[in-house]
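Thanks for coming. I will take this one piece by piece, starting with the aromatic rings and ending with the pocket.

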Amino acid sequence: MTLIALCVAVNIAGSKIALFMSLPIFLDSIGTIMSGMLLGPWAGMLTALVGGLVNGALGDIYSIYFAPSGMIMGLIAGFVLHGKKNTYINMIWKTVIIVIPASAVSALIEVVVFGGVTSAMVTTALIQIMSKTVMSMFGSAFVVQLVTDYIDKLIAVALVTTVYKRLPSNMRNMIVDADVKVKKK
């Protein structure tokens with residue numbers, strides 16, 4: 001549980017940095033990816049849920065609405081990253097697997113709940129402009145979400161993979177041992 005709490009804090013810190021700097025990416029899923037990779041799919045899902053709720057309580061109300069997208073992303077990240085060999089090459093396609101369903105859910109939330117408007121100014125502008133073309137509001141939201149999510153999640157997966165590979169072997173073993181003990185209960 002301590003590691004999940006740390007991952008939630010990482011999500012919130014990343015989110016606040018991206019919001020403060022008006023970045024076109026979110027940085028709010030680094031902890032979710034870390035939790036999914038280290039502890040498995042259910043921990044990734046829980047991290048996203050708690051992170052969304054806490055971040056919403058701290059002022060970013062959008063994060064509550066987008067928690068289901070993060071939960072799907074954390075679940076899939078856990079399935080494709082946890083206990084697997086994660087190289088810098090395979091993280092490219094693993095990130096695609098993580099992003100597509102989460103982006104579809106995010107686009108749906110953006111359109112149905114917010115009419116294509118969110119807290120990210122750049123993505124909101126792109127969605128509104130693209131929706132005036134042959135693309136529907138959902139199509140434009142999905143394309144923008146897919147691109148920004150892919151970049152955002154690839155950064156998160158690369159960061160988490162790098163940090164994990166740089167951990168001393170005794171610390172990596174401690175995480176794996178704790179995970180095995182939880183599974184046996």
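Rings of Phe, Tyr and Trp (its six-membered ring) pair if their centres lie within 6.5 Å; planes under 30 degrees apart count as stacked, over 60 as edge-to-face and the rest as tilted. By this rule the count comes to 4 aromatic pairs.

Before the details, some housekeeping. This is a predicted model, where local features need pLDDT of at least 70, side-chain atom pairs count only at pLDDT 80 or more, and totals for chains, interfaces and linings use all residues. Residues are numbered from 1 along each chain as its sequence is written, and side-chain values use heavy atoms, with hydrogens and water left out.

Back to the rings. Tyr62 and Phe114 have ring centres 4.8 Å apart and planes at 55°, so this pair is tilted. Because Tyr62 lies in helix α4 and Phe114 in helix α6, the pair ties together parts that are 52 residues apart in sequence. Helices here are DSSP runs (H or I, at least four residues), numbered from the N terminus. Phe114 also pairs with Tyr65: the centres are 5.1 Å apart and the planes at 85°, so that pair is edge-to-face. Tyr65 lies in α4 as well, and this pair ties together parts 49 residues apart in sequence. Ring pairs link Tyr62, Tyr65, Phe66 and Phe114 into a cluster.

How covered are these tyrosines? I use buried for under 20% relative accessible area, exposed for over 50%, and partly exposed in between (1.4 Å probe, protein chains only). Tyr62, at 23%, counts as partly exposed, and so does Tyr65 at 40%.

Next, the helices. After α2 comes Gly40, with a positive phi near 110°.

α3 covers residues 41–57, which is 17 residues, and reaches 25 Å from its first C-alpha to its last. Just after α3, Gly59 takes a positive phi of about 120°.

Two single residues are worth a look. Which residues does Cys7 touch, not counting those up to four places away in sequence? They are Gly31, Met34, Ser35 and Thr47. Cys7 sits in helix α1 and counts as buried at 0% relative accessibility. Thr161 is in helix α8 and is buried too, at 2%.

Last, the pocket. On a 1 Å grid over the protein atoms alone, a pocket is an open set of points where a 1.4 Å probe fits, with protein on both sides within 12 Å along at least five of seven lines; lining residues have an atom within 4 Å of a point. The largest pocket is lined by 33 residues, and Phe26, Asp28, Asp60, Ser63 and Phe66 lie nearest its centre. The elements giving two or more residues to this lining are α1, α3, α4, α5, α6 and α8.

Conventions: The expected span of a helix is 1.5 Å times one less than its number of residues. Contact means heavy atoms within 4.5 Å.
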